[in-house]
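The following note sets out numbered points on the model shown below. Please read each point alongside the coordinates.

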Amino acid sequence: MLKCTIKNEQIETLRSGDTFVSYEIETESDLPVFEDKKFSVRRRYKDFEMLHNILSHDYNGYAIPPLPRKYTVSSFSGGSLSPIFIARRMQSLQTFLDRCSTHPVISNSMHMYQFLENNSWKSYYHNAWMQSENTKSKGNNVSGGIESSIQNLDPYAQSLYETAKQLLQNADTDLSKLEKTCVQYMNSVQNFPTDIPVPSNLSISNLDVVSVEFKRLKRNSIFLINSFHSKVITSIQDLEDYMVVFKSLIKSREQKVKQFEHFQQIVQSNSNNPDQSSRSDPNFVEATPVVQQTPELKPSPNTTIRTSSLFSIPKFFKKKRYSLGQDDANPMELLQLSFQELCIFNEKLEQELNFLRERIDVEMRKTLQMVCDCHVEYFSGILEQHAVKE
Amino acid sequence: MAQDDSYEEKPEVISSDSGGSGYSTEIQIVGTVTSSDGSYVEYEIVHQKRSVWRRYSDFESLVKLMRRQYPAAIVPPIPGKQSLLSYAKHPRKAKSDAEFLNFRSRMLELFLRQCLLHPCIRSNPIFDKFIHSTVSWHVTLSSLDLPKDSNTDPLRLPPIATEHDPFAHLRSSMPLVMANSLSPPSSRALKPIHSLSNPSTASSLEPSSPLGSEDECHPPTSDMQPTHELNESPSTPTAPDFPHYNSSPSELSPTQRRSSISNGKDAPSPVLKDLTSYTQEVIVCRKFLHHSLSPSIHSTLSSISKMESCLSKLGSAFHSLTALNEIQLANHLQVIANAFEFSGMYAKEFEQEFNSSVYEKMVQSMQLAKCAADALKYKQLKIQQRDFLQDQLIHSNTMSATDSMVAASPTIHPATRLNTIQRAVVSQAKKGYTIFGRLQNVLHDFVEGETSISKESLQQHKNTIENQLAAANWDCQKIDEFMDAELKFYKECQTSQWEEIIKSVHECIYKWAQTNLQRWLRTREELENLSKDI
């Protein structure tokens, strides 16, 4: 169990004059990796950015939850330190931590543990980054033998991914429409009700009662607007950003599938023409793959010249024959490698899509609850002041 | 077949007048009936357990009649006829529209209630017949001996219709003045003082011993003494003529002049003082209604309408989240979509109720303020009419003096006439009267210059002007007495109307918030139950 809560935001100022907002992250967990069952650390937005960077680097192929959007200063009247902006960012960071802490792979990451517990996060970050670079350079040298049989893609998996792609597209369209409608709703609430300017020299004494009533109602409306923006609309936007991450994963998978199919075609075309019985036809067929593969392959130094007693092969024909021999090995290796890579990616993607369904369910339900809470607070506030008035 | 559309409205009881005259303001319009051919609608009026049926045109003719009988009064307004623009918006027949009939019934009921509060209208026998007599209103109008000239200007009518009008024979020839918008009410305080000094000057021309003794009882102010000194020197050469002139009208003229002067002295101060504050109050109230309250409430209604459409769109948006139905969220989305649609419905009801109970009353309040402004304008015209007559009287006295001089010295006749005309034009211009007044005086001077008018004719003309001035003074005095009650009525109507507006605003907002809160609380419970079930 791993539960993280963001609270106690503070505006801090460094000696250099930089001003930022720091948040306290309180963690409750029963994992043995932590020293205590309940502890807290203080982080700023830049620290979250570091965590996001290192997770993206070390967990390629997984859906790393996105960070909150960086809004322009003109989007908010108070700038980056206004209460509305801070409330929205806290909401988004809470969503980010919830997604990380419930992810089956990221929640077991050492980076996550250090982020939640270590007070020297920056030094750990730099060390982790260096280690990650070393691991990557070693990994490039490993291109050992791969022994596996060629298999066709699973048709069930293919239809599953098509369905997931359609789901993501529809969800993104619906959420965009929903966000736009919510913004329109907030704009209409902002204009309700209109202020009544009361002249000072008016003799009727109780004319300003309606004006006061309207001002109070307007204050409640502004409260609803702020609450709705910082909770509901922000939650919908976070969900949209999460969809974008999954869309990019689907796109990566499509590229890998194309690459695999390309290599498969090369191997099949080579196996269909092994005889070379005819003089003119084999030469014509052999020319095509040779041309395609020439830029990618290097000539082997251990080549031997074969001589025929009847005909002498011209030089350019000789060169093509030798390169053809090289083709027999390289496409097969590439095919094996891409297939293995694709299998691993498919396994990850399936896991990620299941996680996405869970997250959509949880977050959407939470959003709907927040919609109700906002409206209940709005109308309760109006009735409370109305009761006080009477 | 007559279509019976009955609207049982809650009876509203307003406390009776403090005078205890026994008039109850409990009056209702309990229902409407459309005629068989659909050409008109009849409204049932119930007052003191008696009911009568009246048409809208009956109400219209009643308002016109009341405005003719009481030009100085604030007659409550009735709702206007449906305009062509609003008729085009609703293609079906307007008179069968229940909403429109309901609106008109409410407004006509308010009109009757305000009439019962009015100090003069409630005791008017014609109004009593309107709300009590079961005879057809058309027959009632025919039985009344109404004057045939329906286009008479209000300035030639008595300000308050009474059974005995002592100046009825003079009203047809009373002078008409145009509205002088250049002079605000506060500057009128200067003109009566200036015109008052002229009667004193005229009286100083008669230094006989009995008048002299009376003048000593009322010493003149320091402002008048220089004028008196200036007039002494030109009157010295014509001293032998004065005893002969004064001997014949000595018994009547001083009495009339003294009464005119006393009326002039009493009238201006209280009238102008009250008129100024009265004007300011009406103007400020009307300006507030036009420039502050009306645009704000209109804009608020628009924003409620926008909110309603946005809420409906949100309901549709949550309904159409088909992509999320595969993740077992269909029930949750359905619950939220229903909540938003209900919220949109409540916003629509809120807009309708706000429009009927707040906006309509505000529009009626604006119309009442306009009626008050019209009554105020009538008062100003009456005052100008009186000032005009005073100037005419002074001018007649001057002409009388000029005639005496002409008789004495025929050789300087053209020069004297020219000076008289110039002085008349200059005095008219200074007082700011319209060109018609000036032309009338100039033409009058020319006519008198061309032909010699006998003393008898001049005396008759002067008597006519004096009588008209007496009538004008009487009118202004009546208006002065009437104005306090009128102002009280206006304040009472506006205050009660405003209290209803305030109450309606509270009730509308409370009802809207209450229904929405209940809906959203129920929605929250349903969502929690759905989450527990999963």
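1. Lys7(A) and Glu26(A) form a salt bridge, with their closest N and O atoms 3.0 Å apart; the term denotes a side-chain nitrogen of Lys or Arg within 4 Å of a carboxyl oxygen of Asp or Glu. The pair links distant parts of the chain, 19 residues apart, from strand E1 (residues 2–13) to strand E2 (residues 19–29) of chain A. Helices (H or I, at least four residues) and strands (E, at least two) are DSSP runs numbered from the N terminus. Lys7(A) is partly exposed at 29% relative accessible area, whereas Glu26(A) is buried at 18%. Buried means under 20% relative accessible area, exposed over 50% and partly exposed in between, with a 1.4 Å probe and protein chains only.

2. The model is predicted: local features need pLDDT of at least 70 and side-chain atom pairs pLDDT 80 or more, while totals for chains, interfaces and linings use all residues. Residues are numbered from 1 along each chain as its sequence is written, chains are lettered from A and ligands numbered from 1 in the order in which they are written, and side-chain values use heavy atoms, leaving out hydrogens and water.

3. Arg42(A) and Glu24(A) also meet in a salt bridge, at 3.9 Å from N to O. Because Arg42(A) lies in strand E3 (residues 38–44) and Glu24(A) in strand E2 of chain A, the pair ties together parts 18 residues apart in sequence. Arg42(A) is partly exposed, at 30%, and Glu24(A) is buried, at 17%.

4. Across the interface of chain B and chain A there is one salt bridge. It joins Arg524(B) to Asp373(A), with the closest N and O atoms 2.9 Å apart. The pair crosses from helix H15 of chain B to helix H9 (residues 330–389) of chain A. The contact (heavy atoms within 4.5 Å) takes 54 residues from chain B and 52 residues from chain A.

5. Asp238(A) is buried yet has no salt bridge, and the nearest side chain of opposite charge, Arg99(A), is 5.7 Å away; here Lys and Arg count as positive and Asp and Glu as negative, with His and the chain ends not counted. Arg99(A) is itself linked with Arg359(A) and Glu363(A) in a network of salt bridges.

6. In helix H12 of chain B, Ser396(B) is buried at 3% relative accessibility. Ser396(B) touches His461(B), Lys462(B) and Ile465(B), not counting residues up to four places away in sequence.
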